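Please keep the sequence and the structure in view while reading.

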Amino acid sequence: MQRIRLRYTKRGRLRFTSHRDFQRAFERALRRAEVPMAYSAGFTPHPKVSYANAAPTGTGSEAEYLEIALTSARDPEQLRTLLDASLPAGLDVIDAVEARTPGLADRLTASVWELRLDGVDPAGARRAVDAFNGAPAVEVQRRTKNGVRTFDARSAVVSLESVPTQDAQADRPSDRPCAILRLVVRHVTPAVRPDDVLSGLRAVADLAPPVPVAVTRLAQGLLDEETGTVTDPLAPDREAGAKEPQTAPATAAATAPA
Amino acid sequence: MPAEVAAAAESVFPQLEALLPHVQKPIQYVGGELNSTVKDWDSCDVRWALMYPDAYEVGLPNQGVMILYEVLNEQQGVLAERTYSVWPDLEALMREHQVPQFTVDSHRPVKAFDVFGLSFSTELGYTNMLAALDLAGIPLEARDRGLDDPIVMAGGHAAFNPEPIADFIDCAVIGDGEQAVLEVTAIVRAWKAEGRPGGREELLFRLARTGGVYVPGFYDVEYLPDGRIARVVPNRSGVPWRVSKHTVMDLDEWPYPKQPLVPLAETVHERMSVEIFRGCTRGCRFCQAGMITRPVRERSITGIGDMVDKGLKATGFEEVGLLSLSSADHTEIGDIAKGLADRYTEDKIGLSLPSTRVDAFNIDLANELTRNGRRSGLTFAPEGGSERIRKVINKMVSEDDLIRTVATAYGNGWRQVKLYFMCGLPTETDEDVLQIADMAMNVIQKGREVSGSGDIRCTVSIGGFVPKPHTPFQWAPQLSAEETDARLQKLRDKIRGDKKYGRSIGFRYHDGKPGIVEGLLSRGDRRVGAVIRAVYDDGGRFDGWREHFSYDRWMACADKALAPYGVDVDWYTTRERSYEEVLPWDHLDSGLDKDWLWEDWQDALDETEVDDCRWTPCFDCGVCPQMDTSIQIGPTGKKLLPLTVKQPAGSGHTH
């Protein structure tokens, strides 16, 4: 059995895809692409797919990860191309490696988010960010199924900064003021989401964007505590692959039965 | 925002996008489904907005809309986009921010299209149509519309009596839509190319004079002093007295949908559906679908195999649904099921037959259906509890048939059987309904016997019967909501009270109230339009949804709106009609001879059964000669061949 790890995106209007929606779409893409999936045993067999840490519905992402188990080996890059073509534009598969190390989920300890605040003056946003960073703790509330929960949104935040607009991944021109924030946040339990940080900005500095904030996950991976940066979670698999002699996938491709 | 300079057909997505974070399940509004089509607006000259007037999760899988969407988009210079009802949360935001009703494909305003076609599977979508028109900025009443408003066209089974919505639609097409939409497209195209001579009225006249498009505005309804209809007459020359239904004869020539839409959002049916035949001549007297879709036209076994193969490749669905009004009646159903199960053994693709008759079902078929998939419950619809009432409704399945079938099922590993019934059938008494409990108990008894297990279940599901136009029961009195509920209560008590079997029998029922509203809309005339309008104005939406439906609102609005006419809800529902009465839909020709329907109604009262004309001589229902059609069934004697070996994903080159 071969395991392949994939990185995929939720872009544009398909950022409104919920995780459940994505799961169904992905499993159908696997069928259309005729991927030799391994199935779970049991009454209703399911293809073996492990999803890690999905972004909330409505937020875009450049860095979602999952792992699939195959019954026979395939070339990761060819598989990536096929799956990408099988999924609607916006749900794009952008990276694939064969799993050669354990614990992908354990390497996803932090995320980098971009928050685009249309209609918000950058100077005002900077002041709010400074107030947030300067606070020892920022209490926010989130409505959950079990009522309103109050918690600290500050301690999980590794860094929050206002970045110049032209540096951001601006995908639409606008003549209105626009502030862009970049947020690095640890994955803790219970989770602190970009929404919670926005609630925090409102709490400390009354920052109230006039339109919904466009939130995009730019990266997730292992947090380098020294530099405060997030590293590529697929890098260890790639490195392990580079050290080994090229075996499984290439051979399998060459000897595939006609 | 410089809204007023925006072109009428510009996408409203930027405005909509800002609202989506605030609504439930935003994915249903963004489009982008696999196999959806967005064509260039400016290179098309006839543009259709197609609506299924219910929530996206119900509307998206609708086969009718999907077929028309593909058929139209395949035409050069023609485009079709889809729109669905928006939930009240988004409706409120759209009104607040002036975002109009939009298509999910390219988010263009519905008002910018040439034709706004709505498919009504049920009458309970009427208020949703008004909501959509209003959100679109299209006047609710046809007479208030101008040259640039779309032609509002109704289709679907409910359109066989479009009179209750006659004020709101410009026209209706009854019967099969595939060819009809192309004929309409040609007429719209020519009229536009000529510079829209004579305006809206001229276009409607050109449609009406074909004899296949009903334009309510070209007909006047005259009433008798007692409230009944005196006659319905064309109010201008060149308009036919009766409008005919459309019938597609060779299903193999129409293999649609070829590429079914695959939504990202979760919907009610997620499978590769193939319509294996259209029409049904079993002759169940309550069944409008069986009456208005005659004659039976089968898709060939090879045509079905081809559609399944291409459809699965295009969608990745894990289940195939073989659709029709009674799927086990296809002349080659055994070979179809076996052939498909053989083909897809390794792909874990399940097969389902949504409608199966007890007497056409056998265990070989059942085993093929479950070979690659899940052994879910079996569902049968005896419809009536007593042998007597089944003779009245002409559903000729005996209790022996049923017991024999479920015995085989329980003996072959099934644990759950679902039985569907109706309450309030003509001539029905409490005793007829109480026999449902006996039937369920016999099923459980037999099941325990053959399976040797106490762990088997039978679910009884029952709802109120609603008499429908173009059926032998179109003259029948509907049972009142109170009597329906009382009868259901007695049945429930009998089932629950049984010590030996009661705990193995599930009981699910629909109360009688929604059925009365459906009855009012089904057999209503133009005067009922005022009720629909009043309910809509009062906030009525999504009447097919229990949490949104309000019986009290409907009754209050009906009392007020119908009073000036001297009629009421009972007059439309629980009143029996006589032979001479002009029915509101008499000028819409389903092909059925009204005298034959009346004779069949009399046979029902005499408990006389009528056979299926596929296997016995013609009973002169009138459809084939009137519509110049004929029964088209197999067997063809062909078999499904195994598919060629697939090329596995990512396997590189092959030799």
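In chain A, 39% of the 258 residues count as buried. The model is a predicted one, and every value here is computed from it. Chain A contains 6 helices and 11 strands. Along the principal axes, its C-alpha atoms fill a box of roughly 65 × 40 × 35 Å. Among the contacts in chain A with a separation of 6 or more, 77% join residues 24 or more positions apart.

Chain A is divided into domain 1, residues 2-104, and domain 2, residues 109-231. The C-alpha centres of these two domains of chain A lie 27 Å apart. Where they meet, 8 residues of domain 1 of chain A are in contact with 9 residues of domain 2 of chain A. The domain 1 side of that contact in chain A has 3 nonpolar, 4 polar and 1 charged residues.

Ala214(A) belongs to strand S10 of chain A, which covers residues 214-224. Is Ala214(A) buried or exposed? Ala214(A) is buried, because 21 other C-beta atoms lie within 10 Å, and the cut-off for burial is 20 or more. Leu117(A) is 97 residues away from Ala214(A) in sequence, yet their C-alpha atoms are 6.8 Å apart in space.

Chain B also has two assigned domains: domain 1 spans 10-244, and domain 2 is made of 271-376 + 608-638. The C-alpha centres of domain 1 and domain 2 of chain B are separated by 30 Å. Their contact takes 4 residues from domain 1 of chain B and 7 residues from domain 2 of chain B. On the domain 1 side, the touching residues of chain B comprise 1 nonpolar, 3 polar and no charged residues.

Next come the sheets of chain B. An open sheet of 5 strands has the order S2-S1-S3-S4-S5 in chain B, and its pairing is parallel. At the edges of this sheet stand S2 (78-85) and S5 (171-172) of chain B; each has a single partner strand, so one side of each is left without a neighbour in the sheet. Inside the order, S3 (residues 115-119) and S4 (residues 151-155) of chain B pair in the parallel sense over 5 bridges. Val115(B) stands opposite Ile151(B) in S4(B). Helix H5 of chain B, residues 126-136, lies across S1, S2 and S3 of chain B and runs at about 130 degrees to S1(B). Helix H6 of chain B, residues 178-193, lies across S1, S2 and S3 of chain B and runs at about 135 degrees to S1(B).

Another open sheet of chain B has 3 strands in the order S9-S12-S13, with parallel pairing. S9 and S13 (350-352) of chain B are the edge strands, each pairing on one side only. Neighbouring strands in this sheet are turned by 20 degrees against each other on average, direction ignored. S9(B) and S12(B) pair in the parallel sense over 4 bridges, and Val274(B) stands opposite Leu322(B) in S12(B).

Helix H9 of chain B lies across S9 and S12 of chain B and runs at about 155 degrees to S9(B). H9(B) covers residues 301-315, 15 residues in total, and reaches 21 Å from its first C-alpha to its last, close to the 21 Å expected at 1.5 Å a residue. Its buried residues include Ile301(B), Ile304(B), Val308(B), Gly311(B), Leu312(B) and Thr315(B). An α-helix has 3.6 residues a turn, so residues three or four places apart point the same way. What do the buried residues of H9(B) pack against? They pack against helix H1 (19-32) of chain A together with S9 (272-275), S12 (319-323) and helix H10 (333-343) of chain B. Just after H9(B), Gly316(B) takes a positive phi of about 80 degrees.

The last stop is Leu34(B), in the loop between helix H1 (13-17) and strand S1 (46-55) of chain B. Leu34(B) counts as buried because it has 20 C-beta neighbours inside 10 Å. Leaving aside residues up to four places away in sequence, Leu34(B) touches Pro88(A) and Val262(B).

Note on methods. Residues numbered from 1 in each chain as written. Chains lettered and ligands numbered in written order. Predicted model: local features only at pLDDT ≥ 70, side-chain atom pairs only at ≥ 80, totals over all residues. Helix = DSSP H or I, 4+ residues; strand = E, 2+ residues; numbered from the N terminus. Expected span 1.5 Å × (residues − 1). Buried ≥ 20, exposed ≤ 12 C-beta atoms within 10 Å, placed from the backbone. Contact = placed C-beta atoms within 7 Å. Domains from an automatic or database assignment. Nonpolar A, V, L, I, M, F, W, Y, C, P; charged D, E, K, R; others polar. Pairing = 2+ DSSP bridges. Axes fitted to C-alpha atoms, helices over the stretch in contact; angles between N-to-C directions.
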